[in-house]
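Hi,

Here is the structure I said I'd pass on. Have a look, and my notes follow below.

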Amino acid sequence: MLRRRHLTARLEASSPSCSRCFPSHPKNALASLEHASLGEHERCKFRPVHARAADMLIAQITDTHIKAGGKLAYGKVDTEAALAHCLRQVNDVTPAVDVVLVTGDLVDTGRPEEYRALRALLGELHAPCYVIPGNHDERNALRNAFAADGYLEDGSPYLHYAVDRYPLRLVALDSIVPGKPGGMMCAERLEWLDRTLSAAKDRATLLFMHHPPFLTGITHMDVQNCANAAAFAAVVERHPQVIRLLCGHVHRPVQTLWHGVLASIGPSHSHAVALDLTPGSPPAFALEPPAFALHAWSEATGVVSHTAFVGDYEGPYPFFDRQGRLID
Ligand SMILES: [Fe+2]
């Protein structure tokens with residue numbers, strides 16, 4: 001995790017003073033770090049490669065499961081504290097995050113007071129934030145809590161929408177089936193998706209939803225993933241501008257190639273579903289190192305995804321001294 005204060009200290013400690021190679025704009029800070037490791041001014045010929053900064057940084061947080069009033073989830077997990085800790089680190093990412101996506105199970109039982117608590121926590125974010133529902137959410141309570149943000153349509157029964165304000169188009173899907181743990185992309189939602197994607201065929205697009213439409217091998221979660229996945233895939237295959245699919249629900253980082261699109265599940269910043277690929281393994285959670293996903297997009301690279309661990313870890317330490325020699 002590159003945190004701003006550490007990055008600044010490291011640049012001061014190890015960077016030669018070269019204004020041409022060390023532009024001050026924070027978007028170039030990572031490139032400067034790379035260049036600092038080279039240590040020689042004449043090797044600036046490498047700069048065009050190293051200076052390629054992301055055009056857009058997306059933080060993905062998932063399965064926040066907020067309980068109001070300090071109540072613990074499953075008698076064990078302080079989900080409000082876990083989210084607050086995570087959000088502080090999202091705010092510290094350098095260069096600054098452009099947008100935050102929260103991929104469902106926003107609260108634990110769908111009660112208005114839980115959404116009020118969530119809303120207050122998310123209010124600490126420096127970047128704009130977009131949310132979608134998961135199976136623990138309640139559409140009306142969610143819609144009421146986030147109505148002021150203006151991106152949830154009043155007229156639709158579903159909480160799906162497109163965000164066109166960024167260079168990478170974001171399309172949010174509502175995969176929930178009220179009262180059920182599993183999800184579905186029904187014909188009505190797929191028709192909306194097809195129409196929405198058809199409206200901007202020339203724009204690189206990222207989809208985000210709660211229920212993954214693919215199997216993970218964790219069987220107690222796989223039985224409650226996204227139904228009607230074949231029909232969903234057929235729509236996505238008609239729209240090659242879709243370059244990425246982000247999901248939640250499984251509370252741990254998973255990646256797979258799904259119908260030509262890299263699909264992934266975000267890591268948990270709170271309680272992780274236990275990693276047990278034994279068929280029929282019992283549902284269980286573990287308090288693993290918390291993390292969120294950081295997706296960097298540029299036209300040249302597409303989406304490059306990182307796992308950002310939440311916590312106060314040692315470092316970063318420089319590899320090279322002031323003279324550009326490897327510290328050994
Ligand atoms: Fe969840």
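Strand S9 (residues 242-247) pairs with strand S11 (residues 261-265) in the parallel sense, over four bridges; strands here are DSSP runs of E at least two residues long, numbered from the N terminus, and two strands pair if DSSP finds at least two bridges between them. Across that pairing, Leu 245 sits opposite Ala 263 in S11. S9 also pairs in the parallel sense with strand S7 (residues 205-208), again over four bridges, and there Phe 208 is opposite Leu 246.

Before going on: this is a predicted model, so local features need pLDDT of at least 70 and side-chain atom pairs count only at pLDDT 80 or more, while totals for chains, interfaces and linings use all residues. Residues are numbered from 1 along each chain as its sequence is written.

Five of the six residues of S9 are buried (20 or more other C-beta atoms within 10 Å of their own, with C-beta atoms placed from the backbone), so the strand is largely enclosed by the rest of the structure.

Phe 208 turns up again in the largest nonpolar core, which has 70 residues; a core is a set of buried Ala, Val, Leu, Ile, Met, Phe, Trp, Tyr and Cys residues joined through C-beta atoms within 7 Å. Phe 208 is among those with the most contacts inside it, along with Ala 59, Val 100 and Phe 292.

And what does Val 100 touch, leaving aside its neighbours within four places in sequence? Val 100 is in contact (C-beta atoms, placed from the backbone, within 7 Å) with Ala 59, Ile 61, Val 90, Leu 125, Ala 127 and Cys 129.

Cheers

Notes:
Buried ≥ 20, exposed ≤ 12 C-beta atoms within 10 Å, placed from the backbone. Contact = placed C-beta atoms within 7 Å.
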